[in-house]
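Reader: I am new to this structure and would like a close look at a single part of it. Please start there, then show how the rest is put together.

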Amino acid sequence: MLFRSREHELEKGVFVEKYESLLENTPAMIWVSNRENRPIYCNKALRDFLGRDFAQIPTQQEFEGMIHPEDYAIAIDGFNAAILKKERFTGEFRIRSADGSFKWVLEEARPQFDKSGNYLGYNGKFSNITNVKNIQATLDEALLQMQLLVKEGGFFMFEYDKSGALRNVSPSCYGITGYTPEELQEMDPARLIHPDDFAEHFQPEMLFQYLDKYHTLTFRILTPEHRYRWIELNGVTLQGPEKGSDRIICLAKDVTERLQISEQMEMSNRFLVNSQSIILVTDKNRRIEWVNASFTKISGYTLDEVIG
């Protein structure tokens with residue numbers, strides 16, 4: 001973009017006479033250039049934001065000094081490329097503001113032509129998106145921390161929609177299921193999940209209703225080694241644009257070992273309770289803490305009578 005010329009003041013005078021009252025009072029930050037691509041007007045909102053008149057900057061080099069060095073490729077090279085082709089330009093970059101700090105802006109500009117198709121220059125506007133960028137950076141950091149927590153905690157995340165498809169599966173799924181995110185997203189859930197569990201819970205409407213009520217579900221998946229692993233899923237249903245939930249954000253963990261231990265303990269407990277032999281449990285001082293039914297049947301003493 002070129003800057004001030006001898007014709008600048010004349011062009012600005014004609015432009016301002018027609019549009020100044022409207023543009024000076026709009027909150028949008030607007031600028032206009034001529035057919036030589038020299039800025040000829042910058043409205044009050046943009047002057048206040050930059051702390052100077054965009055159209056009064058004397059040289060290209062001084063304007064470049066207002067752009068964050070990391071954003072030259074977009075703000076300078078990208079816009080110059082659009083000018084050469086007389087195309088619309090949209091770019092996000094940082095520019096030095098009135099308080100001396102760099103602010104994120106979205107610049108949108110488009111070429112103007114007269115009725116005969118002759119090029120007249122560009123009209124453009126800046127939008128201050130600093131808050132949006134800050135919020136996005138905070139969300140990105142939170143997502144990164146969540147992904148690390150998920151990975152270190154042995155979890156993986158995914159979305160499940162009403163079509164029955166898995167979306168946005170986290171990379172940590174591989175260490176738990178043996179499948180990559182791409183493999184899981186392309187796989188038919190009916191082939192992945194144990195038939196009994198799929199029939200009971202994984203018809204889409206059934207799953208949404210179940211998680212709306214209970215939030216937690218345990219089911220089996222088939223690994224690449226053709227073994228079933230138990231997965232505990234915690235899900236939150238999300239409201240879609242239409243009435244009702246349209247997807248579920250899921251946090252899943254392999255609980256196979258935990259359930260195996262629980263099953264073994266249950267089997268041991270059934271053995272102790274139902275054994276035909278007398279079984280009693282004592283503390284370190286040899287005081288009775290528990291006896292089974294066979295003890296009572298053979299000795300005639302109940303637990304309440306012998307405890308302690």
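Author: Phe271 is found in helix 11, which covers residues 256–274. Helices here are DSSP runs of H or I with at least four residues, strands are runs of E with at least two, and both are numbered from the N terminus. Phe271 counts as exposed because its relative accessibility is 53%; exposed means over 50% relative accessible area, buried means under 20%, and partly exposed lies in between, with a 1.4 Å probe and protein chains only. Together with Leu272 and Val273, Phe271 forms a nonpolar patch on the surface, and the three have about 250 Å² of accessible area together. Such areas come from the Shrake-Rupley method with a 1.4 Å probe, and for residues only the protein chains shown count as cover. A patch takes residues with over 30% relative accessible area and no salt bridge, joining nonpolar side chains (Val, Leu, Ile, Met, Phe, Trp, Tyr) within 5 Å and like charges within 9 Å. A salt bridge is a side-chain nitrogen of Lys or Arg within 4 Å of a carboxyl oxygen of Asp or Glu.

This is a predicted model, in which local features need pLDDT of at least 70 and side-chain atom pairs count only at pLDDT 80 or more, while totals for chains, interfaces and linings use all residues. Residues are numbered from 1 along each chain as its sequence is written, and side-chain values use heavy atoms, with hydrogens and water left out.

As for the whole, the protein has 13 helices and twelve strands. Of its 308 residues, 38% are buried. It exposes about 19100 Å², with 53% of that supplied by carbon and sulfur atoms.

The largest nonpolar core has 26 residues, of which Trp31, Leu46, Phe54, Phe63, Ile95 and Tyr122 touch the most other members. Strand 1 (29–33), helix 2, helix 4 (72–85), strand 3 (89–96), strand 4 (102–113) and strand 5 (119–128) each supply at least two of its residues. Helix 4 gives the largest share of this core, five residues. A second, separate core has 25 residues, including Val169, Leu184, Leu207 and Ile248. A nonpolar core is a set of buried Ala, Val, Leu, Ile, Met, Phe, Trp, Tyr and Cys residues joined through side-chain atoms within 4.5 Å.

Leu46 touches Met29, Ile30, Trp31, Arg52, Phe54 and Phe126, leaving aside residues up to four places away in sequence. A contact means heavy atoms within 4.5 Å. Asn43 lies in the loop between strand 2 (39–42) and helix 2 (44–50). With a relative accessibility of 0%, Asn43 therefore counts as buried. With residues up to four places away again left out, Asn43 touches Leu23, Glu24, Thr26, Ala28, Met29 and Ile30.

Strand 1 is also the place of Val32. Val32 has a relative accessible area of 7%, so it is buried. The C-alpha atoms of Val32 and Phe54 are separated by 9.7 Å, although the two are 22 residues apart along the chain.

Strand 1 pairs with strand 5 in the antiparallel sense over four bridges, and Lys125 in strand 5 is the bridge partner of Ile30. Two strands pair if DSSP finds at least two bridges between them. Strand 4 and strand 5 also run antiparallel, joined by nine bridges; here Arg110 stands opposite Asn123 in strand 5. These two strands form a hairpin with five residues between them, where Gly117 takes a positive phi near 90°.

Another hairpin is made by strand 6 and strand 7, with four residues between them and a positive phi of about 90° at Gly164 in the turn. Strand 6 (residues 155–161) and strand 7 (residues 166–167) pair in the antiparallel sense over two bridges. Glu159 stands opposite Arg167 in strand 7. Six of the seven residues of strand 6 are buried.

Most residues other than glycine have a negative phi. Asn37, in the loop between strand 1 and strand 2, has a positive phi of about 65° although it is not a glycine. His226, in the loop between strand 8 (216–222) and strand 9 (228–239), also has a positive phi, near 65°. Asn37 counts as buried because its relative accessibility is 13%, whereas His226 counts as exposed because its value is 65%.
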